[in-house]
Amino acid sequence: MVEPVEPVESGTDAEPLVLVTGGTGTLGRAVVRGLSARGLAVRLLSRRPRPAGDRGPCRWATGDLTTGEGVDAAVSGAGVIVHCATTLGRGDVAATRRLADAAHRAGSRPHLVYISIVGVDRVPLPYYRAKLAAERVVAESGLPWTVLRATQFHDLIARVTDAQRLSPVALALAGVRFQPVDAEEVAERLADLAVGEPAGRVPDMGGPQVRDHAELTRATLRARGRRRPVLPLWLPGAAFRGYRAGGHLAPDHAVGRITYEEYLAGAVR
Ligand SMILES: NC(=O)c1ccc[n+]([C@@H]2O[C@H](COP(=O)([O-])OP(=O)(O)OC[C@H]3O[C@@H](n4cnc5c(N)ncnc54)[C@H](OP(=O)(O)O)[C@@H]3O)[C@@H](O)[C@H]2O)c1
């Protein structure tokens, strides 16, 4: 049993309405911006204290979904929780349960909105199994809920290539296609869902194009002005078979508009 502690909180005096976990992450930052732009009072949860000099419009609660520290106080008063935090592993299941339990203790029955990944039930990656189990925690929480699954964000695809910048070659997953979507567009959809009625599992959200990983890798190299050969990387195992079979794609839900090249060019930011 974790003792609730007061969060270190700062920001405006507005009544907090929406809690965004992971509000410092790629997606969460955009969700916070989108909700604030709609005039909603927002509080984000982070393990870190608010950086000195941050004058953002949202409130800030310091807490940790792994230890439970600060979570009760972060949840208090929230009518909606947009759960974007991830530990990138098995820990997401316990973290999500901890969040839902805190929401029950708060007594206000907040609407719990969760972001998941397309294909968590088709690609047997340990992280995806954890996301699927976390989806179930949300659906069985007894709270009003909404779950959106999205394909890979543009920045994740770019980071895979950027991480190899010191290598004389760039590796791309052989036989694997991606359908990258812009995190800003996913955040817009999440913000809409957060202000709407609880909807259960909503239609998946994919980017506008399904592209070979090698092609996306070449686009990243071009945008960064790096010249090197792109070599195919063949990985064994069921998870990569699942990727090669396209289990993580949502071609029937290609609703994102921003292409990977537009993201790389930063033209639509
Ligand atoms: N990236 C993708 O391609 C993609 C695609 C579809 C769905 N998603 C889902 O979208 C969500 C956000 O992904 P992202 O790429 O934006 O993540 P990210 O940039 O890696 O951010 C992760 C966030 O989780 C928070 N966090 C980590 N451990 C925590 C803990 N123990 N307690 C509280 N907060 C914790 C971090 O906050 P602090 O470090 O400030 O504590 C950070 O804000 C995830 O659920 C992910 O599965 C991602």
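The model is predicted: local features need pLDDT of at least 70, side-chain atom pairs count only at pLDDT 80 or more, and totals for chains, interfaces and linings use all residues. Residues are numbered from 1 along each chain as its sequence is written, and side-chain values use heavy atoms, with hydrogens and water left out. Helices (H or I, at least four residues) and strands (E, at least two) are DSSP runs, numbered from the N terminus.

**Helix 1**

- Helix 1 runs over residues 26–37, and its end C-alpha atoms are 17 Å apart. This agrees with the 16 Å that its 12 residues should span at 1.5 Å a residue; the expected span is 1.5 Å times one less than the number of residues.
- Its buried residues are Leu-27, Gly-28, Ala-30, Val-31, Val-32, Gly-34, Leu-35 and Ser-36. Buried means under 20% relative accessible area, exposed over 50%, and partly exposed in between (1.4 Å probe, protein chains only).
- An α-helix has 3.6 residues a turn, so residues three or four places apart point the same way.
- The cover over the buried residues of helix 1 includes strand 2 (18–21), strand 3 (42–46), strand 5 (80–83), strand 6 (111–117) and helix 6 (183–195).
- Ser-36 is part of helix 1. A polar atom of the Ser-36 side chain lies 2.8 Å from the backbone oxygen of Val-32.
- Not counting residues up to four places away in sequence, Ser-36 touches Val-42 and Pro-57; contact means heavy atoms within 4.5 Å.
- After helix 1 comes Gly-39, which has a positive phi, near 85°.

**Ligand surroundings**

- There are 24 residues around the ligand, and Thr-24, Ser-46, Arg-47, Tyr-127 and Lys-131 come nearest. A residue is near a molecule if one of its heavy atoms lies within 4 Å of it.
- For Thr-26 the separation is 2.9 Å, for Gly-22 it is 3.2 Å, and for Thr-86 it is 3.2 Å.
- Taken alone, the ligand exposes 900 Å², of which the protein buries 89%. Accessible areas come from the Shrake-Rupley method with a 1.4 Å probe.

**Salt bridges**

- The structure holds 14 salt bridges. A salt bridge is a side-chain nitrogen of Lys or Arg within 4 Å of a carboxyl oxygen of Asp or Glu.
- Glu-188 and Arg-38 form one of them, with their closest N and O atoms 3.6 Å apart. The pair joins distant parts of the chain, 150 residues apart: Glu-188 is in helix 6, and Arg-38 is in the loop between helix 1 and strand 3.
- Glu-188 counts as partly exposed because its relative accessibility is 39%, and Arg-38 is partly exposed at 31%.
- Arg-38, Glu-188 and Asp-192 are linked in a network of salt bridges.
- Glu-185 and Arg-257 also meet in a salt bridge through their side chains (3.6 Å, N to O). This pair links distant parts of the chain, 72 residues apart, with Glu-185 in helix 6 and Arg-257 in the loop between helix 8 (238–244) and helix 9 (260–265).
- Glu-185 is buried, with a relative accessible area of 9%, whereas Arg-257 is exposed, with 65%.
- The side chains of Arg-201 and Asp-204 form a salt bridge at 3.0 Å, N to O. Arg-201 is partly exposed at 42% relative accessibility, and Asp-204 is buried, with a relative accessible area of 13%.

Technical notes
A polar contact is a pair of N or O atoms within 3.5 Å; within protein, one must be able to donate a hydrogen and the other to accept it, and residues adjacent in sequence count only if both atoms are side-chain atoms.
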